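Open the structure in your viewer and keep the selection tool at hand. The tour below says what to select at each stop and what is found there.

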Amino acid sequence: MLRLAIIADDLTGALDTGIKFSKMGIGCQIITGDGFFVDDIDHSKEILVIDTETRHVHEQEAYSKVYSTAKLCVDLGIKYFYKKTDSALRGHIGSELAALDDVTGEPVAFVPALPRENRCTREGIHYINGTPVAQSNFGSDPLNPVRQSSVSMLIHEESALSVANVYEKDRGTWPDSQVAVFDASTRSDLEEIADRLVENGHIRITAGCAGFAEVLAEKIPFLKGRECPAVQSRKLFVVCGSINDVTKKQVLYAGQKGFRRICLTQGQKLDPDYLQSDAGKHFKEELKDLCGQNDYILIDGFTENTVEDTLAYAREKGISTEDIPEIIAGRLGEISAYLLTLEEDFALMVIGGDTLYSFISQLDKPLLDPLCEPVNGTVLMQVQTKNQYFPLVSKSGGFGQENLIIEIANYLKHHTN
């Protein structure tokens, strides 16, 4: 029976969190889109992960979607809730925590830290690699810039929730507030916080990123027993929609280590109906040939000045700045879907939440079955549609070491049970 609802604001976040439970043998179902119906749900699973796609919408829309999703989960009899948030605090955290609080009527324990990626919270300030998040590269994120390093101030930007910071010395008590923000810098911190929440009866409504979710999987009583199959593939085709500096280094490194890199032009990324044009048809034929000739393909949109070049081209073509992310994600999703039509036996890797969602949206009622984390911050899953069954690896933009793509290729080539 369903025990836990995980509500995420993007698809990579849903997968990053769901895999923490699935890899432990806990039945997990991932649902994507603006809404879902009771008939979509497999009640034999214990975890229901819902991607509300609210990272880039207006804060009021984010509130409404999370509220309606949480309400439906309550009506289904789900006891535990986890509001998955971005580990760099992007998105509408205040609005979405307010929605969860309004539905459940219970305070939320918020643990935003992800220690394994050196994303920590100390005295209520969130840090990325030792730098306050608003001063890191996430402060200049082109889609969701983070303006506040203080977690409580960030929550107050979009809500009237009462917020209290819980420092290490205070973990044994629960503050008189609607949201308790817990400091954490290590895995042992996360485990201690979870133990304290169990002891004081506040483990039912929690929030945070994949870091605390992994600990939570050990604290809620679940049935375990499923064994995940091994997935191997000689070929790996990568489609990258992230423009994060971390991802750029990974792309450049993979290109240096043998991946056949295809860097899309601005027109290929932004021109309307490009793939249906004569130029687009020629591009697809060339891509087909390259996929047949190479085991490792990498498709990305990086240029020397990626953001500036893209904005300049959009202005020239009369494309609104606000529409650029959706257009590019849509194009990369189309290219990903085209790869599935090729007669090639390969694993697909998609980098970037918007690109992944665009791709999944083009499939025919896809079932996502997360299997494992071949590398921290990535998820390997089997995707089943009406006509296909294929391995897919997802990764958020800001995670991982420079050699991550190479590590994924090696894993898929050599991994066995």
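Select K169 first. K169 counts as exposed because its relative accessible area is 70%; here exposed means over 50% relative accessible area, buried under 20%, and partly exposed in between, using a 1.4 Å probe and protein chains only. D170 and K169 form a salt bridge whose closest N and O atoms are 3.3 Å apart. The term salt bridge stands for a side-chain nitrogen of Lys or Arg within 4 Å of a carboxyl oxygen of Asp or Glu. Side chains of opposite charge can pair when their charged atoms come close.

A note on the model before the next stop. This is a predicted model, in which local features need pLDDT of at least 70 and side-chain atom pairs count only at pLDDT 80 or more, while totals for chains, interfaces and linings use all residues. Residues are numbered from 1 along each chain as its sequence is written, and side-chain values use heavy atoms, with hydrogens and water left out.

Now select D195 and K219. Their salt bridge has its closest N and O atoms 2.7 Å apart. This pair links distant parts of the chain, 24 residues apart: D195 belongs to helix 5 (residues 187-199) and K219 to helix 6 (residues 210-219). Helices (H or I, at least four residues) and strands (E, at least two) are DSSP runs numbered from the N terminus. D195 is partly exposed at 31%, and K219 is partly exposed at 27%. Then select K20, K23, R187, E191, E214, E218 and E373, which salt bridges with shared partners join into one network.

Move to helix 2 (residues 59-75), where K71 and D75 lie four residues apart, about one turn of the helix. Their side chains meet in a salt bridge of 3.1 Å, N to O. K71 is partly exposed at 38% relative accessibility, whereas D75 is exposed at 52%. The structure holds 28 salt bridges.

Last, select strand 4 (residues 80-84). Is this strand mostly covered or uncovered? Mostly covered: five of its five residues are buried. Y80, Y82 and K84 lie on one side, F81 and K83 on the other. Show strand 1 (residues 4-8) as well; strand 1 and strand 4 pair in the parallel sense over four bridges, where pairing requires at least two DSSP bridges between two strands. I7 stands opposite K83.
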